[in-house]
Amino acid sequence: MKSRHPDSSTDALVESWGKIVDIINVPLYEEWKEDTEVAFKNIVSRIKYTRLEENGPKLGPISTQSPLLEKYFTRIPHGEKTAKHDPRALSVANNGWIWGADPLANFAAHPSKAYLRREVIVWEDCVKLNYGNGPEDNPWLWKHMTEYVTLLAGMFDGFRIDNCHSTPLHVGCALLDAARVVNPDLYICAELFTGSEETDITFVSRLGITSLIREGYNAWDPKEMSRILYRFGVQKPIGSMDGACMTSPADIPPPTGKGPTRAGLVSPLQGSVPHAVFFDLTHDNESPLHKRSAEDALSTGALVAFSHCAVGSVKGFDDLYPRLLSLGSENRRYDVSENSGIGQVKRILNNLHTEMALEGFGEAHVHQENDYIVIHRVEPKSQRGYLVVVHTAFQKGSKDRGHIKPIQLRRTKAKFIYGASLDIHSYEDVNDPKLLKGLDSTLCLLPPVEGRNGADNDGPYQEIIVPDSFPPGSIMLFSTKLEELPPNIDQFCKEDVDGAFSSLDLTDLNVVLYRCEEEEKDATDGQIGAYDVPGLGKLVYCGLQGWMNPLKHVMQYNDLGHPLCGHLRDGTWAMDYIHQRLEKQVGDLPNLAAPARWLKERFDLIKQHAPSFLRPKYFAIVVSEAYKAARRAAIEQSSDFVASGHSFIHDLALSSVQMYGLVKSASLDPGKVVPSLAAGLPHFTGGWARTWGRDVFISLRGLFLTTGNYPAAKQHILAFSSTLKHGLIPNLLDSVRSPRYNSRDSPWWMLQNIQDYTLMAPDGLSILSESVKRRFPKDDTWVPWDDSVAYSYSSTVAEVIQEILQRHASGISFREYNAGPNLDMQMTDQG
């Protein structure tokens, strides 16, 4: 600048350059200003919380032992071992956590400014270690921590990883892998606050976490509380189907590949949310008095104890201690008097929790209504259960009973076990210099509550009515037992199923398993159509496959909120439809009587004894067992290739049953109704549109020959051979009454299938000498099917083959009968 402005003084140039630099640095000044403002705001907020706010720890006067703010850095003392280090290297950052931070990002590494902006809520007894990207970045630290972790793994059977998200993921993986070498069955319990269940799963799957810590006091209202109770504390809903419907017997091969197989049960893995250790309150959160109300400790403790998962608590919660303890500095001991807080109720609740866990109370229902939450846990085999009615106390001050409808238990009797409410005499902290004492309170026992019996169209029920005096925080415990349900109903819904379906042929199985609505209406003269489920719509098939389409999802995920389940709870119309549609068709297909009878017997028992909330389960058992038996009956009638194949092969093979059936408007014989192959569903199901020459013979090898249905293959070959005219077979068969010859490639597909038949079917060559009565006279004149000239001469299949080849060699030229708009609105008179 001096060379360009020689007359200017140095001071003036320096001042000018400073202004230029200031302009260049404007974005940095703005960034500094924002960082400073955020840091100041966070400092003020932290001081208010730790010193002044009611729900904070109220640390008291500022002193050397209790400075204004937590220290962000720990200074390692200078000594013999540390003398070799630069003194600046002895200042290490304290670890901590940040609200809403990315758990996969290292907030102590560049370019994070979390420490500068005072965003880190630090723990003064824990430092942030710099592992780098791997052992090569800090060999001593990796070696030291690996030795430390493996030492602990040899001493303990479980680890609790505090604030798991603050440890770099690659570090946690490496250290836990090393620990599991020493103790393969190590139980890993982790505190993880990622704010995202997807991110939770990332940590759980990468680290092999056994259980995640969840907390009831994270809920902000009864609705959210019921959600997290269902999410983390309910294994399966009452009336679950997966165990009864998705489990199947199988021979289990030996793990070494040698020796005999063993009988076993195969259950598909459905996946689940990570297992929870469900705390009512953890050690580092405010007390119930500050988060909701002191009375809520009793209600939340009961709800958590009824969860189907590991549960946990802290003594301060049970004792109603009204402050958040400073774990690093608190030296007092808890008061261990017998009657303090809610300990007496917790003992009962914990015993119940253990009993329900050991005895398989694996199904539950959570109901939330206003400030009330009801949880019902049930053992599914005996239908024995326990029920808790809880009046939550999210708000302070109210003693009102609130409102909840009578709790109706269908065909179930409830017996009162225990009831209590909490009377807090004073909300002031008992500031004892030696002991940690909870609030002055009394546990008030409630008088027994008797259920009220009733009945309606759905059968008997019992109602639990909450007493007039049931203030917020109150609980009631009941034992329950479902009555009138036969103990062997699950087995009865499954037994003798193969016997009922074993006599069905493939035509019968088409009716039992499939039939779209158009086919069903055609076959029953319009009497029966597809079933219409409210909220779901018409089923794709009238047969069992139509029900299995939604049921597979319902059974796999126990989706009892599905429209089909709601419809089954509302009534028994679906059960009546399934067996009655078969009964109405016994006249045409007598074999349907056996499965219709089997289905009716089981549905009658369900209607008579099962409560409405269990109808979906038993409906699913019956339908799925019938479906599997019908599939087995079809596969057993198939070729060895299909019968010995994978389930995927079975699925493909069943399309031959799906497409081949009996309808009244289409046939392979003009004089009587016989089964025929549909060109497609649901549009090509009946009349002239059902059976197409091109479609039949493109698919015949796969649908009939590969599956072993050689009679059906032969019937279609002979039927189309009988219609040979102009050297062609019809594309539209129309029951052989008014066939239409508008396909040049159909005869070639048929010839290929005749060749395939001779090679694949038993005694396949004999079809060549099979005699076929010809639908039309030799001069190709069109005549009605019942004319005396029709079927007046015969040819063998070999002669049909020769005629096709000869006519094509000579050239084919003809005007199709009835050519013009009467046959096709786009066709000219010349065809």
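**A pocket and a helix**

Guide: The largest share of the lining of the second largest pocket, four residues, comes from α7. This is a predicted model, in which local features need pLDDT of at least 70, side-chain atom pairs count only at pLDDT 80 or more, and totals for chains, interfaces and linings use all residues. Residues are numbered from 1 along each chain as its sequence is written, and side-chain values use heavy atoms, with hydrogens and water left out.

Visitor: Which residues of the lining are closest to the centre of the second largest pocket?
Guide: Of its 47 lining residues, the closest are Gln235, Lys236, Ser240, Asp242 and Asn558. Lining residues have an atom within 4 Å of a point on a 1 Å grid.

Visitor: What are the buried residues of α3?
Guide: They are Leu141, Trp142, Met145, Val149 and Ala153, where buried means under 20% relative accessible area and exposed over 50%, with a 1.4 Å probe and protein chains only.

Visitor: Why are they said to be on the same side of α3?
Guide: Because they cover an arc of only 95 degrees around the axis, taken from the directions from the helix axis to the C-beta atoms. On the other side of α3, exposed residues include Trp140 and Lys143.

Key:
Helices (H or I, at least four residues) and strands (E, at least two) are DSSP runs, numbered from the N terminus. On a 1 Å grid over the protein atoms alone, a cavity is a set of points where a 1.4 Å probe fits but cannot get out, and a pocket is an open set with protein on both sides within 12 Å along at least five of seven lines; lining residues have an atom within 4 Å of a point.
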